[in-house]
Amino acid sequence: MTQFQHFLAIVAGGLSAAAVALSLVTPFETALVLKAFLLLGVASMLRFIVPLGLWVDGAFALLGAVAVLTTINVFSPIPPFFWMALVAAWLFSWLFVERLSKALAPRLGDNAGLGLLIPVVFGMTLLVAWEVVTRGANVPQVILPPPSMIGARIASSLGLLWIDFQQTFLKAVLAGYALGCGLGFLVAILIDRSPFLKSGLLPLGNFVSALPIVGVAPIMVMWFGFDWQSKAAVVVIMTFFPMLVNTVAGLNAASAIERDLMRTYAASYWQTLLKLRLPAAGPFIFNALKINSTLALIGAIVAEFFGSPVAGMGFRISAEIGRMNVDMVWAEIAMAALAGSVFYGVVALIERGVTFWHPSMRGA
C-alpha cells in the first residue's frame, strides 16, 4: 500500500471508531447493520498487523453503502454518527478504487473490462452519497431530487423519453454531426491544396466558431423552421470548425522525410494523401470526432430552447422546469448524458480499431 492508501485506511478506521464511541453516548438506538459496519471498520485497523486484500476494502465499502441506505429512515433527526458512517463508507470505497487502480495499472490494456469496474464503483459511490444526503438532510425535491426518485421517473416515462431521444439525437444530432464533420473534412482537403484558402478560410472558420450559440440558434430556427432541421444546422456550425482545424493539423503530421520518400517513388498527390498523410492524420481526425460527439448533443439541446415541436430533450427540459417537475428534468439530463457517453465510446472504439498502429494506442 502507498502512503496515501495508508492515510485513507487510518482515517476510515479512525472515523469508524469515533462513530462507535459517539453512538454509545447518544440516545439513538444504532441499527444492527450500521453497528456491524462500524465495528468491522474499527477492526480493519488490524490491517497494519495482518495485511488485508483490496477486495476486503470493496466488501467494507459495499457493506457501508447498504448500511446507510437501509437505515436512513430509522433515525429522525439523523444523528452525527450516521453521517460519520457515510463518510467512512466513502473512504473505504475510495481506498478500494485506489488499490484496484494501482493493481490494474500495469495490465490495464489487457483488462479493459475489469478496468470499467473503477468508474462504476466510483459512480455508484456518488449515487449513494447523493441519495443519503438528499434524503437525510431533507433537501427540497425542487432543489435536488434523490436518484431513486429520478430512477422512478425514468421508469415511468420511458415512452416519452424515447420520443424525445428520437427527435433530438436520432434526427438532429446524427444528421448535423455527419454534415458538420463531413464538410469540415472536405474543406480541410481543399485548404490543403490551396495556400489561398489556408490564408483566407481558416481565419474565417475561427470567426464562425466564436459565434455564440444562443445567438445563432434563434436565427437557424427562423431560417429552417421549428423541426429538427434547424437544430441540425446549429450542430453543423458547432462541429464544422473542430473537424476543419484538426484535419488540417493532421495532414501536416507526416514528416518531411516521409514525404520525400513518397516523391522518390514518383507518387502523385492523391497517392501521397491516401497512403501517407491521411493515415498520419487519423488520430487528429478521431480527436475531432470525439470532441464533436458531445458538442453536437449540447448544441441540439440548446437550440431546442429557442423553438421546437412538442418533443425533444431541450423542449422537455424547458417545459418541465417551468412546471417544477425537476425529477423529469433530471431524467432528461441523465438520458442525454448516457447517449453522449455511448456515442463518445462508440467513436473511441472505432478509433482504437482504425488507428491501432499509432503510438498513442499503446496501452490504451
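Mentor: Leucine 69 lies in helix H3 (residues 54–71). The model in which this residue sits is predicted.

Trainee: Why is leucine 69 called partly exposed?

Mentor: Its relative accessible area is 33%. Buried means under 20% and exposed means over 50%, so a value in between is partly exposed. Leucine 69 therefore counts as partly exposed.

Trainee: What does leucine 69 touch, leaving out residues up to four places away in sequence?

Mentor: Leucine 69 touches Val128, Glu131 and Val132. A contact requires heavy atoms within 4.5 Å.

Trainee: How many helices and strands does the protein have?

Mentor: There are 15 helices and 0 strands.

Trainee: What is the radius of gyration of the protein, and what would a compact globule of 364 residues have?

Mentor: The protein has 27 Å, whereas a compact globule of 364 residues would have a radius of gyration near 21 Å. Taken along the principal axes, the C-alpha atoms fill a box of roughly 85 × 55 × 30 Å. Of the 364 residues, 43% are buried. Among contacts with a separation of 6 or more, 74% join residues 24 or more positions apart.

Trainee: Why is H8 called oblique to H9?

Mentor: The axes of helix H8 (residues 158–193) and helix H9 (residues 195–209) come within 5 Å and cross at roughly 125°. Perpendicular covers 65 to 115 degrees and antiparallel begins over 145, so an angle between these ranges is oblique. H8 is therefore oblique to H9.

Trainee: Which residues make this contact, and how do they divide by type?

Mentor: Val187, Leu190, Ile191 and Arg193 of H8 meet Pro195, Leu197, Lys198, Leu201 and Leu202 of H9. They divide into 7 nonpolar, no polar and 2 charged residues.

Trainee: Which residues touch the most other members of the largest nonpolar core?

Mentor: That core has 31 residues, and those with the most contacts to other members are Phe169, Val173, Tyr177, Leu289, Leu297 and Met313. At least two residues each come from H8, helix H11 (228–251), helix H13 (269–304), helix H14 (313–322) and helix H15 (326–354). H13 gives the most, with 11 residues. A second, separate core of 30 residues includes Ala65, Phe75, Phe81 and Leu95. In soluble globular proteins, nonpolar side chains tend to be buried together.

Trainee: What is phenylalanine 169 in contact with, apart from neighbours within four places in sequence?

Mentor: Phenylalanine 169 is in contact with Asp164, Leu174, Leu297, Ala339 and Phe343.

Trainee: How do you know that alanine 336 is buried?

Mentor: Alanine 336 has a relative accessible area of 12%. Buried means under 20%, so such a value qualifies. Alanine 336, placed in helix H15, touches Leu297, Ile301 and Met313, not counting residues up to four places away in sequence.

Trainee: What makes arginine 277 buried?

Mentor: Arginine 277 is in helix H13, and its relative accessible area is 8%. The cut-off is under 20%, so arginine 277 is buried. Leaving out residues up to four places away in sequence, arginine 277 touches Asp192, Gly250, Leu251, Asn252, Ala254, Arg259, Tyr269 and Thr272.

Trainee: Why does phenylalanine 356 count as exposed?

Mentor: Phenylalanine 356 is in the segment after H15. Its relative accessibility is 60%, and exposed means over 50%. Phenylalanine 356 therefore counts as exposed.

Trainee: What is the phi of asparagine 138, and where does this residue lie?

Mentor: Asparagine 138 has a positive phi of about 50° although it is not a glycine. Most residues other than glycine have a negative phi. Asparagine 138 lies in the loop between helix H6 (117–136) and helix H7 (147–156). With a relative accessible area of 63%, asparagine 138 is exposed.

Trainee: What is the phi of methionine 324?

Mentor: Methionine 324, likewise not a glycine, has a positive phi of about 65°. Methionine 324 lies in the loop between H14 and H15.

Note on methods
Residues numbered from 1 in each chain as written. Predicted model: local features only at pLDDT ≥ 70, side-chain atom pairs only at ≥ 80, totals over all residues. Heavy atoms only, no water. Axes fitted to C-alpha atoms, helices over the stretch in contact; angles between N-to-C directions. Helix = DSSP H or I, 4+ residues; strand = E, 2+ residues; numbered from the N terminus. Parallel < 35°, antiparallel > 145°, perpendicular 65-115°, else oblique. Nonpolar A, V, L, I, M, F, W, Y, C, P; charged D, E, K, R; others polar. Core = buried A, V, L, I, M, F, W, Y, C linked by side-chain atoms within 4.5 Å. Buried < 20%, exposed > 50% of the residue type's maximum accessible area, 1.4 Å probe, protein only. Rg over C-alpha atoms; globule rule 2.2 N^0.38 Å.
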